[in-house]
Amino acid sequence: MIRKRGLIAKLGRVLALQVALISAAVAAGIYVTNTIVQDSLINEALENEALHFWSLYQDDPQQALPNTNNMLGYLAVGEQMQDVPEQFRGYGAGFVGRVEAGDDEPILYVSEKDDARLYLIFASQDVSELAFFFGIVPLSLALVFIYGLSFLTYRLSHRAISPIVQLADYLEQFPFEKASHSTQDLQQMRSLANAEVNVMIDAIDSFTERLDAFIERERIFTR
């Protein structure tokens, strides 16, 4: 039984290690999706939006600022900051990231050209929802699927080594006083065994037959 528990425990440890490694990999994927990739993509999109605005602004200083469902733009020319919300005025040029603005945390990008400064405000809530539905949810479903495969692999492995464990237990508790019944016991074990275990059973079966013959000769000699 100790041997059996040892094999099952080893299988359990392998499964636990596999699950832990997969969980760590998926957690890292979720982190990359939700932070690094998300911020990088937004940064690139805001940079392109700023470049597009400056190209139009250079031809027409009255060019309308970006104003969509997800993005707002504010322009400061020289020291004229009255059109820029106060909470955004203290930030310098570049990708600022998430900033506090009331109950929301929009993403701020500041771009400068000549004496003008463009403030682009991007709604981070929409980005988080997109990252959740197209990043975290698929990764979570993949994690559940992999867990299911790991458990199935564990069950199949458990079933595969069960005949070996039973054979080991049988040899450990071999009934020498009923050696004549050993062949019958091994035949019952064949129904649960695979091809590799059947080879072992055949070898043990042959060994027990030789052992029975040897014991019978010893009995005849003793008589």
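How many aromatic pairs does the count come to? In this predicted model, the count comes to 3 aromatic pairs, a pair being two rings of Phe, Tyr or Trp (its six-membered ring) with centres within 6.5 Å, classed as stacked when the planes are under 30 degrees apart, edge-to-face when over 60, and tilted otherwise. The pair of W54 and Y57 is edge-to-face, because the ring centres lie 5.6 Å apart and the planes stand at 80°. W54 and Y57 are 3 residues apart in helix α1 (residues 2–59), so about one helical turn separates them. Both residues are buried, a term for a relative accessible area under 20%, with exposed for over 50% and partly exposed in between (1.4 Å probe, protein chains only). Together with F53, W54 and Y57 form one aromatic cluster.

The model is predicted: local features need pLDDT of at least 70, side-chain atom pairs count only at pLDDT 80 or more, and totals for chains, interfaces and linings use all residues. Residues are numbered from 1 along each chain as its sequence is written, and side-chain values use heavy atoms, with hydrogens and water left out.

The protein chain contains 4 helices and 4 strands, taken as DSSP runs numbered from the N terminus (helices: H or I, at least four residues; strands: E, at least two). Along the sequence, these elements follow the pattern α-β-β-β-β-α-α-α. Of the 223 residues of the chain, 29% count as buried.

Side chains of opposite charge can pair when their charged atoms come close. The count comes to 2 salt bridges, each requiring a side-chain nitrogen of Lys or Arg within 4 Å of a carboxyl oxygen of Asp or Glu. One joins E112 and R117, at 2.1 Å from N to O. E112 is partly exposed at 43% relative accessibility, and R117 is likewise partly exposed, at 23%. In the salt bridge between R219 and E216, the closest N and O atoms are 3.9 Å apart. Both residues belong to helix α4 (residues 195–222), where they lie 3 residues apart, about one turn of the helix. E216 is partly exposed, with a relative accessible area of 35%.

On the surface, E100, D103, D104 and E105 gather in a patch of negative charge; such a patch joins like charges within 9 Å, from residues with over 30% relative accessible area and no salt bridge. D104 is placed in the loop between β2 (94–98) and β3 (107–113). With a relative accessible area of 54%, D104 is exposed.

How values were computed
Patch = residues over 30% accessible without salt bridge, like charges linked within 9 Å, V, L, I, M, F, W, Y side chains within 5 Å. Areas by Shrake-Rupley, 256 points an atom, 1.4 Å probe, with all protein chains shown as cover. Lys, Arg positive; Asp, Glu negative; His and termini not counted. Charge placed at Lys NZ, Arg CZ, Asp CG, Glu CD.
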